[in-house]
Amino acid sequence: MQRTFTDQLGREISIEYPPKKIVSIVPSQSELLFDLGLGDEVIGLTKFCVHPENRFKEKVKIGGTKKLNIELIRSLKPDLIIGNKEENEQSQIELLMEEFPVWMSDIYDLEGAKNAILQIGELVNREPEAAYLNHLIHAGFTDLQVLALQNNLHKKVAYLIWKDPYMFAGQNTFINDILMRNGLQNVVKISRYPEFGLSELAELEPDLIFLSSEPYPFKEKHLEEVREMVPGARVMLVDGEMFSWYGSRLVKAVEYFFYLQKELYS
């Protein structure tokens, strides 16, 4: 039967419900679909949709999040495509919208992520499973906020996502919201993902500098370079998936942040 849904951009889409041939073009949302029990329904995903590994191996890869193979997607004849405003290229999304139902998320904070989980759950006929995931996420992050308050964790942090040039997670980002929910204050007050040098970062006097594992794969060798330029800060490698994946990975993120907080106030 046909049903109409509204995505997070306020667009209405009509799909054959429940969808049987889904293409997911965002890694965190692909993982969410599998965790909702849609192992057979997801027929295509990107080369970055690596979780869970067994599902990644068996599915058709339709390019990268910003370089989709449009012809391959056409050949799969999906009855639903699920994307994200920030992670996918607007021109490619608009092209796909002309031919297929495309549901788009638009997420800047934890509440937006929880809403997306519920909306996707409804979209794919997995509402109870989505509600249970949200229950775990809500309870976990509530506990994390209490823990940060109890331990007076009010450190100033900078979160690096790219090198050459250095790029940071600023205000109005999902990463910024996750930092705040763990008692951390982002020293970068510019919106989105600004570029500036380490000398400018030093002037902001962060207590902590997080080097993310994605999208740029920061490694141990990068730690000393940043420490030399910002000697007053503690520089750490962090798991970027935990800070930026906004689907069911948030359940795993709760345990990660529990131990990260413990390390920061110990």
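**View A. The hairpin of strand 1 and strand 2, with G10 in the turn.** G10 takes a positive phi near 85° in this hairpin, which has five residues between the strands. This is a predicted model, so to speak: local features need pLDDT of at least 70, side-chain atom pairs count only at pLDDT 80 or more, and totals for chains, interfaces and linings use all residues. Residues are numbered from 1 along each chain as its sequence is written, and side-chain values use heavy atoms, leaving out hydrogens and water. Strand 1 (residues 2–6) and strand 2 run antiparallel, joined by five bridges; T6 has E12 of strand 2 as its bridge partner. Strands here are DSSP runs of E, at least two residues, and helices are runs of H or I, at least four, numbered from the N terminus; two strands pair if DSSP finds at least two bridges between them.

**View B. The two faces of strand 2 (residues 12–16).** I13 and I15 point to one face and are buried (under 20% relative accessible area, 1.4 Å probe, protein chains only).

**View C. The largest pocket, at about 950 Å³.** Among its 28 lining residues, T65, K66, E87, E214 and P215 are the closest to the centre. Helix 1 (27–35), strand 8 (155–162), helix 7 (174–181) and helix 10 (240–244) each give two or more residues to the lining. A pocket is an open set of points on a 1 Å grid over the protein atoms alone where a 1.4 Å probe fits, with protein on both sides within 12 Å along at least five of seven lines; lining residues have an atom within 4 Å of a point. The volume is the space filled by probe spheres set on the points, which are joined across faces, edges and corners.

How values were computed: Buried means under 20% relative accessible area, exposed over 50%, partly exposed in between (1.4 Å probe, protein chains only).
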